[in-house]
Number of protein chains: 2
Amino acid sequence: MANLSKNQHKIIRSLTRKKDRNELGLFLVEGDKMVREVLDPLNGGISYQVKSVIGSRDWLASFGGSIPGGTEQYEVGAAELKLLSTLREPNGAIAIVKQMEYRPDFGQIRGCLTLGLENIQDPGNLGSILRIADWFGIRDVFCSGDSVELYNPKVIQSTMGSFLRVRVHYIELPYVITQLQEGDKEAEYFPVFATGSQGVNLYQATLPELGMILLGNESKGLSETVTAKADQTLSIPFQDPDMHPESLNIATATAVLCSEFRRQTGSDE
Amino acid sequence: MANLSKNQHKIIRSLTRKKDRNELGLFLVEGDKMVREVLDPLNGGISYQVKSVIGSRDWLASFGGSIPGGTEQYEVGAAELKLLSTLREPNGAIAIVKQMEYRPDFGQIRGCLTLGLENIQDPGNLGSILRIADWFGIRDVFCSGDSVELYNPKVIQSTMGSFLRVRVHYIELPYVITQLQEGDKEAEYFPVFATGSQGVNLYQATLPELGMILLGNESKGLSETVTAKADQTLSIPFQDPDMHPESLNIATATAVLCSEFRRQTGSDE
């Protein structure tokens with residue numbers, strides 16, 4: 001069991017910065033449950049390559065056995081773990097994981113429900129959206145290039161592990177939409193839904209099993225360019241027009257939309 | 001226009017602590033938009049009494065006119081505002097507001113949809129739930145006594161102003177449920193719904209226009225005592241049983257539940 005050098009400390013701490021993260025092609029996964037999951041993804045989960053695991057003596061004693069041979073292991077005390085962690089209450093272990101790029105399989109995605117996120121800025125929102133996508137069985141999510149980065153530690157943390165079951169593709173949305181809409185000649189029609197305050201009442205729209213739901217920036221919403229590529233715009237109606245509620249948070253809106261898509265097309269068992 | 005004394009600084013900063021907040025019976029409202037709203041609640045909003053407003057010169061120049069006569073006004077520079085604020089980026093003004101207790105009007109609440117929250121711990125979750133309640137026209141929310149406190153600055157912040165349109169009552173849930181269920185003799189039946197992973201599929205349940213939705217602690221869910229008082233337990237189905245998604249966040253679950261209640265009972269216009 002090795003100890004961490006000063007230089008390794010520096011590298012780990014540098015992974016909180018986007019620039020360093022991308023130069024090194026690495027990111028952090030923290031906390032007992034998520035570190036165990038990234039080492040051993042459940043059925044169907046995405047297999048990331050784990051470069052190193054840094055754990056407390058107790059954690060390594062309990063779970064060190066599941067760490068593959070080629071993975072570096074480091075034992076650290078509680079104070080050292082706290083110094084390295086981005087969490088207020090670090091929890092057992094930190095993994096340093098290799099970033100991965102997955103090429104979107106447009107043919108396959110055309111048969112599924114998917115999300116297109118434009119310029120989402122808040123890491124907690126992206127994490128929550130991925131957790132919601134996971135719940136509702138959405139396996140591919142597209143983000144415009146100016147969106148917050150998946151490998152931001154706050155995003156990873158707030159996915160609660162869903163980043164292991166949902167693929168995130170950074171790619172310009174108009175291009176993706178065209179790819180999905182055009183497809184090949186025999187392909188079924190692929191419907192695209194924008195969202196905004198000036199749309200059709202979600203509950204009265206007829207929603208398909210496959211298609212794309214577009215969601216926009218937290219304060220500006222969807223751009224006109226992206227909205228124009230959609231077949232229809234959906235709105236979540238609010239109850240009480242006299243009370244002027246604040247708009248719904250973007251992750252909340254995503255949950256309501258995904259729920260209604262799945263409800264309309266779900267089986268009756 | 002007065003300046004703040006050292007002692008006033010101390011008092012304002014003490015309002016981040018629950019004990020001091022409750023001893024003084026005050027709480028903080030921060031940021032341009034929410035300070036303006038607490039001074040001048042929109043149609044139907046709750047009128048809190050504002051004790052003092054602390055603002056930048058620009059903010060007071062623009063909005064000082066809307067501050068009622070009896071309210072203390074203090075001008076502060078950017079550095080002083082940052083020192084006083086709980087926000088990373090303080091925004092224009094801070095209001096010191098008197099706490100308020102509203103007595104629940106059980107007779108009226110029996111005609112509405114309401115929420116019962118048991119032991120919610122995360123301030124952001126409570127704030128998000130109130131914002132969701134506001135959107136879906138829920139005007140009264142009950143919290144068990146061990147829940148996070150409404151006047152926690154993070155709760156107020158994450159309501160985005162919805163605390164001005166949703167009344168929060170801290171009271172033991174079994175007592176409230178009994179009050180609402182028993183009602184008077186001529187009253188309509190008041191249905192109560194628990195939520196959990198072992199319930200009836202939400203989309204297949206028949207949901208009423210009025211009633212109570214019970215939601216439990218972030219990790220433990222609802223207690224057996226509270227669940228036992230409900231007529232039925234509802235579950236939000238997930239899509240893909242092979243992928244073992246993490247549970248939904250409590251605020252996300254609230255949004256999906258409220259949306260489905262409102263959808264089933266909404267008008268068709």
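**Ground rules.** I number residues from 1 along each chain as its sequence is written, letter chains from A and number ligands from 1 in the order in which they are written. In this predicted model, local features need pLDDT of at least 70, side-chain atom pairs count only at pLDDT 80 or more, and totals for chains, interfaces and linings use all residues.

**Confidence.** I looked up pLDDT, the predictor's confidence in each residue, from 0 to 100. Chain A averages 93, and 98% of its residues score at least 70. For the complex, the predictor gives an ipTM of 0.93 and a pTM of 0.94.

**Domains of chain A.** I found domain 1 at 6–98 and domain 2 at 106–265; such bounds come from an automatic or database domain assignment. Their centres, taken over C-alpha atoms, are 30 Å apart. Domain 1 of chain A puts 16 residues into the contact and domain 2 of chain A puts in 9. I count two residues as in contact if their C-beta atoms, placed from the backbone, lie within 7 Å. On the domain 1 side, helix H2 (18–24), strand S1 (26–30) and helix H3 (32–39) of chain A give two or more residues each. Helices (H or I, at least four residues) and strands (E, at least two) are DSSP runs, numbered from the N terminus. That side divides into 7 nonpolar, 4 polar and 5 charged residues. Nonpolar means Ala, Val, Leu, Ile, Met, Phe, Trp, Tyr, Cys and Pro; charged means Asp, Glu, Lys and Arg; the others, Gly among them, are polar.

**Chain A against chain B.** I see 33 residues from chain A and 33 residues from chain B in this contact. Helix H7 (123–135) and helix H11 (250–265) of chain A each supply at least two residues. H11(A) gives the most, with 7 residues. The chain A side has 13 nonpolar, 12 polar and 8 charged residues.
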